[in-house]
Amino acid sequence: EPFGGSDVAGMRSTAARHGETYILNGSKTFITNGYYCDYMVVAAKTSPESGNKGISMFVVDKNSKGVSVSKLDKLGWRASDTAEIAFDNCEVPAENLLGEEGKGFPYIMQHFALERLLMAINAHARADFALEYAKQYMSERKTFGKHLNEYQALRHKYAERYAEMDMCKIYNFNVAYKLNKGDYPVKEATIAKLTSTKMADEVIYDCLQWLGGYGYMEEYPMARLFRDSRLGPIGGGTSEILREIISKMVIDGKVYKPATQKK
Ligand SMILES: Cc1cc2nc3c(=O)[nH]c(=O)nc-3n(C[C@H](O)[C@H](O)[C@H](O)COP(=O)(O)OP(=O)(O)OC[C@H]3O[C@@H](n4cnc5c(N)ncnc54)[C@H](O)[C@@H]3O)c2cc1C
């Protein structure tokens, strides 16, 4: 929401029940695919006085009366639209409530494990592609009569960046395996996103550098990768918030349990 995305429980949107409908009021920002979507999953407070226990989830038809959407311009990640959405006395049928009323917060938290892992995998895949591209470029580009991939300064840096990417890749596959077999790897998915998005930013920074001026040109893929990568440590929980979650788990021994069990 515009007044603070990191503090999910502090959301201000409300959904007040009136007979067989909920009246939705509030606004959301930075909503991926929010502009071109047909339906959206919306979190709003059905009992604002109950804090994070008063949040519920709804499926909302974007064409409903009272919904207005505008498209945002952004640094990168332009392959998907990002929207600002306002709800002004929007009527949502009561049957559009997702799951149980008041369980929205744990539902959101539960799905963060998958979202964070997806962003981690996205990051290592982006870095992997950048390294492959840079390797090819460095095997072709010559300076001072030698190919770039013959200079030790570049080779060693490349090896180090490759190692960092590969560590993340194997770790992320391991978390995917755990999630796939029904575990709830909150700590691991959080570590995966925190580490992989930082790694991708650093790897792509260097890959762009190895292309010299060509790396800065939109004609080459590195410029876009560089812009796209910057979302990694922000979307789906910022790195600061992820560090907070990991500290609670590894220092204070906090344990997170899923809100719903797989049947
Ligand atoms: C392109 C894009 C797509 C997105 N898509 C979606 C989407 O589809 N759905 C959705 O719900 N959200 C989406 N988001 C929102 C995203 O999750 C938030 O932007 C993010 O969680 C941060 O919230 P904020 O922008 O309000 O920053 P704020 O919460 O205002 O934070 C600002 C800064 O302060 C830091 N900070 C805040 N609180 C603390 C603290 N307690 N300790 C230390 N540091 C702190 C943050 O880490 C950040 O660096 C998207 C964002 C972007 C940019």
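Guide: Welcome! A residue counts as near a molecule or strand if one of its heavy atoms lies within 4 Å of it. The model is predicted, with local features needing pLDDT of at least 70 and side-chain atom pairs pLDDT 80 or more, while totals for chains, interfaces and linings use all residues. Residues are numbered from 1 along each chain as its sequence is written, and side-chain values use heavy atoms, leaving out hydrogens and water.

Visitor: How many residues surround the ligand?

Guide: The closest ones are G5, S6, F30, T32 and T238. By type, the shell divides into five nonpolar, seven polar and two charged residues. Here Ala, Val, Leu, Ile, Met, Phe, Trp, Tyr, Cys and Pro count as nonpolar, Asp, Glu, Lys and Arg as charged, and the others, Gly among them, as polar. The number of residues around the ligand is 14.

Visitor: How far is the polar side-chain atom of E240 from an oxygen atom of the ligand?

Guide: A polar contact is a pair of N or O atoms within 3.5 Å; within protein, one must be able to donate a hydrogen and the other to accept it, and residues adjacent in sequence count only if both atoms are side-chain atoms. The S6 side chain has an N or O atom 2.7 Å from a ligand oxygen, and a backbone N or O atom of F30 is 2.7 Å from a ligand nitrogen. For E240, the distance to a ligand oxygen is 2.8 Å.

Visitor: Which element gives the largest share of the shell around the ligand?

Guide: Helices (H or I, at least four residues) and strands (E, at least two) are DSSP runs, numbered from the N terminus. Two elements give two or more residues to the shell: strand 2 (21-32) and helix 5 (239-250). The largest share is three residues, and it comes from strand 2.

Visitor: Does R161 count as buried or exposed?

Guide: Buried means under 20% relative accessible area, exposed over 50%, and partly exposed in between (1.4 Å probe, protein chains only). R161 is found in helix 2, and a polar contact of 2.6 Å joins its side chain to that of D206. Its relative accessibility is 13%, so R161 counts as buried.

Visitor: Which residue lies over the face of F112?

Guide: A charge sits over a ring if NZ of Lys or CZ of Arg is within 6 Å of the ring centre and within 35 degrees of the ring normal. K62 lies in this way over Y35, at 5.9 Å from the ring centre. Over F112, at 4.2 Å from the ring centre, lies R116.
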